[in-house]
Amino acid sequence: MSGKHFNVHEVGCCIKYFIFGFNIIFWLLGAAFLSVALWAWSEKGVLSNISSITDLGGFDPVWLFLVVGGVMFVLGFAGCIGALRENAFLLKFFSVFLGIIFFLELTAGVLAFVFKDWIKDQLKFFINNNIRAYRDDIDLQNLIDFTQDYWECCGAFGPEDWNLNIYFNCTDTNLSREKCGVPFSCCTKDPAEDVINTQCGYDIRAKDDNEQKMFIHTKGCVPQFEKWLQENLTVVAGIFIGIALLQNIITDLKG
């Protein structure tokens with residue numbers, strides 16, 4: 001029975017251009033992330049006053065764009081040029097870089113399992129620290145709102161964590177209209193509403209627990225993050241392994 005057979009060169013060529021296409025997208029995304037980060041810092045005046053980087057009380061999300069964008073840019077460039085030019089050094093650099101990332105992910109996963117109580121405490125401390133600084137920076141505010149909305153959570157371990165914020169706490173000295181409330185990102189969505197009700201969390205923590213569940217998410221973001229990680233870690237790790245294997249195939253074919 002006759003059939004069409006592909007030689008090693010044809011297979012290698014297909015894989016090479018597949019990897020090239022993937023990496024050029026990866027590289028452009030990295031450049032976009034870096035551009036957004038620099039634009040955000042420019043808007044905040046950080047580029048004209050570098051010392052203001054340390055002024056924030058919480059985490060500045062721009063750092064996330066810089067680090068992720070930088071890694072994506074370097075990795076995408078190496079993979080793109082390495083695949084196109086069949087440069088063994090760049091391909092090995094790309095594969096080793098991916099291997100390091102995968103190893104770090106694996107190590108982080110093992111450490112998170114072994115020291116899960118300590119990790120939970122550190123994550124709670126990190127989130128609560130940023131809850132205090134919620135109104136200090138618009139980027140941080142948007143990041144917290146996105147996280148709470150995406151994971152359908154509120155606070156580190158529950159809505160009461162918003163007592164840490166000077167605008168949302170329930171103390172008698174708090175004169176804010178948001179007193180004893182939560183940000184709108186904690187609220188459950190009403191499919192009938194086309195416009196987001198930014199006041200849906202007002203006074204909600206003054207109600208009893210059962211009534212709160214009708215209007216806001218009562219699960220904390222730490223347990224929701226753990227759940228998300230368990231559901232997606234295998235997929236992310238599989239993607240990294242697959243790309244690394246394809247790069248190794250290209251290197252072997254060239255050799």
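## Buried cysteines

A residue counts as buried when its relative accessible area is under 20%. In this predicted model, Cys153 and Cys221 are both buried. Cys154 and Cys186 are buried too.

## Overall fold

The protein chain has seven helices and zero strands. Read from the N terminus, its elements run α-α-α-α-α-α-α. Of its 255 residues, 32% are buried. The accessible surface comes to about 15800 Å², and carbon and sulfur atoms hold 65% of that.

## Transmembrane regions

An unreviewed UniProt entry lists residues 17-41, 62-84 and 90-115 under "transmembrane region". In the model, residues 62-84 are 100% helix and 0% strand. The end C-alpha atoms of that span lie 32 Å apart.

## Four disulfides

A disulfide is a covalent bond between the sulfur atoms of two cysteines. The structure holds four. With bonded cysteines counted along the chain, the pattern is 1-8, 2-5, 3-4, 6-7.

Cys153 and Cys221 form one of them, with sulfur atoms 2.1 Å apart. This pair links distant parts of the chain: Cys153 sits in the loop between helix H5 (138-150) and helix H6 (209-212), and Cys221 sits in helix H7 (residues 221-254), 68 residues apart. The link of Cys153 and Cys221 is right-handed, with 80° about the S-S bond.

## Two links within one loop

Cys154 and Cys186 also form a disulfide, with 2.1 Å between their sulfur atoms. Both cysteines lie in the loop between H5 and H6, so the pair ties together parts that are 32 residues apart in sequence. The torsion about the S-S bond of Cys154 and Cys186 is about 85°, so this disulfide is right-handed.

Cys187 is joined to Cys200, S to S 2.1 Å. Both Cys187 and Cys200 are in the loop between H5 and H6, 13 residues apart. Their S-S torsion is about 105°, so the link is right-handed. Cys187 counts as buried because its relative accessibility is 6%. Cys200 has 24%, so Cys200 counts as partly exposed.

## A nonpolar surface patch

Val110, Leu111, Phe113, Val114, Phe115, Trp118 and Ile119 form a nonpolar patch on the surface. Together they have about 730 Å² of accessible area. Helix H3 (88-114) and helix H4 (116-132) each give two or more residues to the patch. H3 supplies the largest share, four residues.

Ile119 is in helix H4. Its relative accessibility is 33%, so Ile119 counts as partly exposed.

Note on methods
Residues are numbered from 1 along each chain as its sequence is written. This is a predicted model: local features need pLDDT of at least 70, side-chain atom pairs count only at pLDDT 80 or more; totals for chains, interfaces and linings use all residues. Side-chain values use heavy atoms; hydrogens and water are left out. UniProt positions are given in the numbering used here, feature names are shortened, and annotations may be inferred rather than shown by experiment. Patches are made of residues with over 30% relative accessible area and no salt bridge: like charges are joined within 9 Å, nonpolar side chains (Val, Leu, Ile, Met, Phe, Trp, Tyr) within 5 Å. Accessible areas come from the Shrake-Rupley method with a 1.4 Å probe; for residues, only the protein chains shown count as cover. A salt bridge is a side-chain nitrogen of Lys or Arg within 4 Å of a carboxyl oxygen of Asp or Glu. Buried means under 20% relative accessible area, exposed over 50%, partly exposed in between (1.4 Å probe, protein chains only). A disulfide is a pair of cysteine sulfur atoms within 2.5 Å.
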